[in-house]
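Biologist: I have a new model to look at. Can you take me through how some of its parts pack?

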Amino acid sequence: MPQDIAFLLLPGFSALGFISAVEPLRVANRFRNDLYRWRILSTDGLPVTASNGFSLNAEPAYGMGGQAAKLLFVIAGFKPLACYTRQLENWLRQQDRAGITLGGIDTGSFVLAEAGLFSLTDSLTLHWEALSAFRERYPALQVSQELFETGPRRMTCAGGTASIDMMLDLIARDHDAALAAAISEQFVMSRIRRPSDHQRLQIAARYGIHNPKLIHVIGMMEQHMEEPLAPDVLAQHIDVTRRQLERLFCAALKDTPTHFYLQLRLSRARELLQQTDMSITSICVACGFESPSHFSRTYRERFGASPSRDRSSHSPHAEGAFIAAVR
């Protein structure tokens, strides 16, 4: 019998994440008849509009009844909790109690986490852009930057083309690696990526640098936002003087270590400002600023607007905002 898979699409969902999950199933059926069936669900049974404006017809999720799937994916986008309700929470928990494997694509992991459907031992992932917001909201959960994470009862992926890799992994486990490889070739993919392949470009590629000591320092900066490391400490970690560290940054990035670090922290602050309901004071602390006034001044210099004004310009109707006040 075909394996039944359901996709719950939330308004503003990632079209690429969804299509990348469905297409491997379609091609699998082309090579070997009727391996998979899938259904598109929405919370109200009405068409759902993706973040790119595409609209898809859907069946009502709450009317699944005896036609429940064995695997259910929640797919969201920029505002994963905008339509979160107690009814949705109860329904997802009901599917879990029925033995259905639950998955999250892109920011769908927010919805499962909000419903309390991850245990403290589950490993999960989601799109890297939402990682900081997720960790702030659910600090006890184990979230990674893997392309996808699979467990006995949970499957999550970063969305985008990572959905292809996750579904190819599923197909290989359900059937065999040869089928997954044949599907990959249909998509003109040179290889099937491993879960541990990076979501983002490596630091070297992102900044166009090759010096291993400089790459190491930037990695340390990215890992220490809340309590920034002093330039002397960074220099000691790569066994150079502070002056040598400054020369490395000047030669490769036309910047100073202090200013570069500040820009990283401001960018992180903007992610949290636009994607969470954290207070501005909490964001100030989370990004290592010594006072709200210093944070506000440097933020305005960098982005041309104060933190509060920038947040208001990314209201629930703007693309980058998360609606999180549901409890």
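Biologist: At what angle do helix 8 and helix 11 pack?

Modeller: This is a predicted model, where local features need pLDDT of at least 70, side-chain atom pairs count only at pLDDT 80 or more, and totals for chains, interfaces and linings use all residues. Residues are numbered from 1 along each chain as its sequence is written, and side-chain values use heavy atoms, without hydrogens and water. Helix 8 covers residues 212-223 and helix 11 covers residues 257-275. Their axes are 10 Å apart, and the angle is about 40°.

Biologist: Which word describes helix 8 relative to helix 11?

Modeller: Angles under 35 degrees count as roughly parallel, over 145 as roughly antiparallel, and 65 to 115 as roughly perpendicular. The rest count as oblique. Helix 8 is therefore, relative to helix 11, oblique.

Biologist: Which residues of helix 11 does helix 8 meet?

Modeller: Contact means heavy atoms within 4.5 Å. From helix 8 come I218, M220, M221 and E222. In helix 11 they meet P257, F260, Y261, L264 and R268.

Biologist: How are helix 11 and helix 13 oriented to each other?

Modeller: Helix 13 spans residues 292-303. Its axis lies 11 Å from that of helix 11, at an angle of about 95°. The two helices are therefore roughly perpendicular.

Biologist: Which residues of helix 13 meet helix 11?

Modeller: Helix 11 brings Q263, L266, S267, A269, R270 and L273. Their partners in helix 13 are F295, T298, Y299, R302 and F303.

Note on methods
Axes fitted to C-alpha atoms, helices over the stretch in contact; angles between N-to-C directions. Helix = DSSP H or I, 4+ residues; strand = E, 2+ residues; numbered from the N terminus.
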